[in-house]
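Please find below a short note on the model, arranged as numbered points. Each point can be checked against the structure displayed here.

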Amino acid sequence: MILYYSRNGNTQQLADAIANGVRKAGAEPLLRTIASDDDAASARDLALSTAELQDCDALIMGSPTRFGHMHSGLQKFWEQTSREWLRGALVDKPAAVFTSSSSMHGGQESTLLSMLVPLLHHGMMVLGIPYTEPGLQQTTSGGTPYGASHVEHAAGSRLSQHELALAEELGARVAKAAFGLRTNQH
């Protein structure tokens, strides 16, 4: 499952690229978004239920950078998952994060790290992007070992080739981990 919030479309572009990576790995992505108070009607059809969260094989979460933190709607969602936390519903499921910002040094890495906190509390197995990925060494915009990212002022409003490749790799990596776990459990 790819859970994200996108206000201007940049985070959604990352979610779409991650979904392509999931497909390339042979899995079917499920995209869900969190609606903010000002756009609840437009995102209602894609909203995530806690039942879907519990049933997912893996989770990749994305948010635009908000002063180094995730969007408040995502934080609010996690604050409502105490029952799943107590049941261990997400324990040992693969997880990863992604973000976008309008400028370099806009808080991408701290946003990615802060998004990991609820995933770690839920006992998820966190995956990043290894330095062996060529795009991580070549990018002049987004992309970190903590997760996929996009920097609008560095790359424009469309993902750079490196941001795109890194996002797809992250999706494929999480899907492969989920598939490996599923086959080992049967």
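Two residues are in contact when they have heavy atoms within 4.5 Å, and helices (H or I, at least four residues) and strands (E, at least two) are DSSP runs, numbered from the N terminus. This is a predicted model, in which local features need pLDDT of at least 70 and side-chain atom pairs count only at pLDDT 80 or more, while totals for chains, interfaces and linings use all residues. Residues are numbered from 1 along each chain as its sequence is written, and side-chain values use heavy atoms, with hydrogens and water left out.

1. Overall make-up. The protein contains nine helices and six strands. Of its 186 residues, 49% count as buried, where buried means under 20% relative accessible area, exposed over 50%, and partly exposed in between (1.4 Å probe, protein chains only). Among contacts between residues at least 6 apart in sequence, 73% join residues at least 24 apart.

2. Strand β4. Eight of the eight residues of β4 are buried, so this strand is largely enclosed by the rest of the structure. Pro94, Ala96, Phe98 and Ser100 point one way from β4, whereas Ala95, Val97, Thr99 and Ser101 point the other way, and all are buried.

3. Partners of β4. Two strands are taken to pair if DSSP finds at least two bridges between them. β3 and β4 pair in the parallel sense over six bridges, and Ser63 has Thr99 of β4 as its bridge partner. β4 also runs parallel to β6, with four bridges, among them the one between Ser101 and Val151. Two bridges join β4 to the parallel strand β5 (residues 125-126), where Met125 is the bridge partner of Pro94.

4. Helix α4. Which residues of helix α4 (residues 72-79) are buried? They are Gly73, Leu74, Phe77 and Trp78. Seen down the axis of α4, these buried residues fall within an arc of 140 degrees (taken from the directions from the helix axis to the C-beta atoms), so they line one face of the helix. As background, an α-helix has 3.6 residues a turn, so residues three or four places apart point the same way. Ser72 and Glu79, on the other side of α4, are exposed. The cover over the buried residues of α4 includes β1 (2-4), α3 (50-55), β3 (59-64) and α6 (108-121).

5. Nonpolar cores. A nonpolar core is a set of buried Ala, Val, Leu, Ile, Met, Phe, Trp, Tyr and Cys residues joined through side-chain atoms within 4.5 Å. The largest has 23 residues, of which Ile2, Ile18, Ile60, Phe98, Ala148, Leu170 and Val174 touch the most other members. The elements giving two or more residues to this core are β1, α1 (10-24), β4 (94-101) and α9 (161-185). Another core, of 21 residues, lies apart from it and has Tyr5, Met61, Phe77 and Leu116 among its members.

6. Ser141. This residue sits in the loop between α7 (134-138) and β6 (148-151), and Ser141 is buried, with a relative accessible area of 12%. The C-alpha atoms of Ser141 and Ser103 are separated by 9.3 Å, although the two residues are 38 residues apart along the chain.

7. Backbone points to check. Most residues other than glycine have a negative phi. Asp92, in the loop between α5 (82-87) and β4, has a positive phi of about 70 degrees although it is not a glycine. His105, in the loop between β4 and α6, has a positive phi of about 60 degrees, and at 78% relative accessibility His105 counts as exposed.
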